[in-house]
Amino acid sequence: MGGDPTRSRYDRIAPVYDLLEWLPERGSMARWRKMQWSRVPPGRVLEVGVGTGKNMPHHPAGASVTAVDISPNMLARAARRAERQGRSITLLLMDAQALAFPDASFDAAAASFVFCSVPDPVAGLRELGRVVRPGGRIVLLEHMRAEHRGLGRLMDWLDPLIVRVLGAHIARRTLENVRAAGLEVEKIEDLAPMGMVRLIVARAPDRKQRASGAP
Ligand SMILES: C[S@@+](CC[C@H](N)C(=O)[O-])C[C@H]1O[C@@H](n2cnc3c(N)ncnc32)[C@H](O)[C@@H]1O
């Protein structure tokens with residue numbers, strides 16, 4: 001994990017991350033986060049890619065939350081936020097693509113704006129399906145490739161440049177990735193035009209699907 005470019009990018013961005021997102025956060029983003037977390041049931045909850053901890057105020061009351069991130073600098077900020085807000089959250093340095101939890105450790109999982117930057121998103125999503133109990137909910141808030149021919153192609157073209165500067169792919173086909181990872185999509189809510197921001201409510205595979213290894 002040491003020389004991981006995603007980790008280096010987010011370590012670099014960490015000091016200004018909240019500032020960069022100050023304006024959008026005052027617009028739609030805070031509302032989207034609230035919507036997302038209202039769909040996460042309490043119990044043992046995993047948040048992947050916690051960043052600076054902006055979702056903390058929305059975590060379900062009474063939940064036992066474990067949150068992971070690949071960037072120590074983002075995690076350090078999340079730890080400070082948890083302390084400021086008096087929250088008891090387990091924060092761990094971990095790669096979403098190789099979670100160090102046994103199968104079915106959580107009742108639910110959530111991530112916001114994370115699978116645009118995980119290098120192998122299908123591997124990461126498959127890991128969520130593994131560590132959440134069979135049938136448990138996985139709630140994702142993600143931006144993704146526009147479902148518009150011209151704009152989609154423009155996003156494909158700009159993607160390599162944006163990933164270098166900001167560490168995030170703008171042209172990820174996240175819905176397809178969720179399905180490829182074997183998660184059962186229960187509901188899709190379009191939050192921005194052309195499917196560019198979506199709330200995806202999915203379920204971890206049941207025991208039979210797990211045993212067969214079917215996607
Ligand atoms: C755009 S930020 C979003 C942070 C937070 N979820 C939010 O909504 O503000 C993406 C976060 O995902 C983390 N991340 C990227 N790839 C990861 C991986 N493979 N494993 C764990 N975290 C990862 C980054 O370090 C960063 O904190």
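Colleague: What do β4, helix α4 and β5 make together?
Modeller: In this predicted model, strand β4, helix α4 (residues 121-131) and strand β5 form a β-α-β unit that is right-handed.

Colleague: And in which sense do β4 and β5 pair?
Modeller: They pair in the parallel sense over six bridges, with β5 covering residues 132-143, and Phe106 has Val132 in β5 as its bridge partner.

Colleague: What about β1 and β4, how many bridges join them?
Modeller: Three bridges join β4 to β1 (residues 44-48), and these two strands run parallel; Glu47 stands opposite Ala110 in β4.

Colleague: Why is β4 largely enclosed by the rest of the structure?
Modeller: Because seven of the seven residues of β4 (residues 106-112) are buried, the strand is largely enclosed by the rest of the structure.

Colleague: What is the strand order of the whole sheet?
Modeller: The order is β3-β2-β1-β4-β5-β7-β6, in an open sheet of seven strands with mixed pairing, and the edge strands, each pairing on one side only, are β3 (90-93) and β6 (184-190).

Colleague: In which sense does β6 pair with β7?
Modeller: Strand β6 pairs with β7 (residues 197-203) in the antiparallel sense over six bridges, and Lys187 is opposite Val201 in β7.

Colleague: Switching to the ligand, which residues are closest?
Modeller: The closest are Tyr10, Gly49, Gly51, Ser71 and Ala96, out of 21 residues that surround the ligand, and the elements giving two or more residues to this shell are α1 (5-20) and β2 (64-69).

Colleague: How do the residues of that shell divide?
Modeller: The shell around the ligand divides into 11 nonpolar, seven polar and three charged residues.

Terms used
Residues numbered from 1 in each chain as written. Predicted model: local features only at pLDDT ≥ 70, side-chain atom pairs only at ≥ 80, totals over all residues. Near = placed C-beta within 6 Å. Helix = DSSP H or I, 4+ residues; strand = E, 2+ residues; numbered from the N terminus. Nonpolar A, V, L, I, M, F, W, Y, C, P; charged D, E, K, R; others polar. Pairing = 2+ DSSP bridges. Buried ≥ 20, exposed ≤ 12 C-beta atoms within 10 Å, placed from the backbone. Right-handed = clockwise from strand over helix to strand, strands pointing away.
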